[in-house]
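Here is a short tour for you to follow with the model open in your viewer. Have a look first, then read on.

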Amino acid sequence: MDTFALILSIIGSINWGLVGIFKFDLVASIFGGQAAIISRIIYVIVGLAGLWCISFLFRRRSLAAAEDM
């Protein structure tokens, strides 16, 4: 699950980079525009993956704290 979430977050980051630099939304161009239901589903899945990746920060801290004991 962690690897899948990380891959989706990387894909989302690449897409945002393309939007920021070239004003090109790869997801929208592949799946029929930003308003298309499949594009919206992909945006939600990538967003949820990003939220899941936030837990990586806390896991590292808790592992480091456990090792110090």
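## Asp-25 and its partners

The side chain of Asp-25 reaches the backbone nitrogen of Val-27 at 3.3 Å. It also makes a polar contact with the side chain of Asn-15, at 3.1 Å (a pair of N or O atoms within 3.5 Å; within protein, one must be able to donate a hydrogen and the other to accept it, and residues adjacent in sequence count only if both atoms are side-chain atoms).

This is a predicted model, in which local features need pLDDT of at least 70 and side-chain atom pairs count only at pLDDT 80 or more, while totals for chains, interfaces and linings use all residues. Residues are numbered from 1 along each chain as its sequence is written, and side-chain values use heavy atoms, leaving out hydrogens and water.

Asp-25 sits in the loop between α1 and α2 (26–31); helices here are DSSP runs of H or I with at least four residues, numbered from the N terminus. Asp-25 is buried (under 20% relative accessible area, with exposed meaning over 50%, for a 1.4 Å probe and protein chains only).

Which residues of α1 are buried? They are Ala-5, Leu-8, Ser-9, Gly-12 and Asn-15. These cover an arc of only 125° around the axis, which puts them on the same side of α1; the arc is taken from the directions from the helix axis to the C-beta atoms. On the other side, Thr-3, Ser-13, Ile-14, Ile-21 and Phe-22 are exposed.

Conventions. Helices (H or I, at least four residues) and strands (E, at least two) are DSSP runs, numbered from the N terminus. Lys and Arg count as positive and Asp and Glu as negative; His and the chain ends are not counted. A salt bridge is a side-chain nitrogen of Lys or Arg within 4 Å of a carboxyl oxygen of Asp or Glu.
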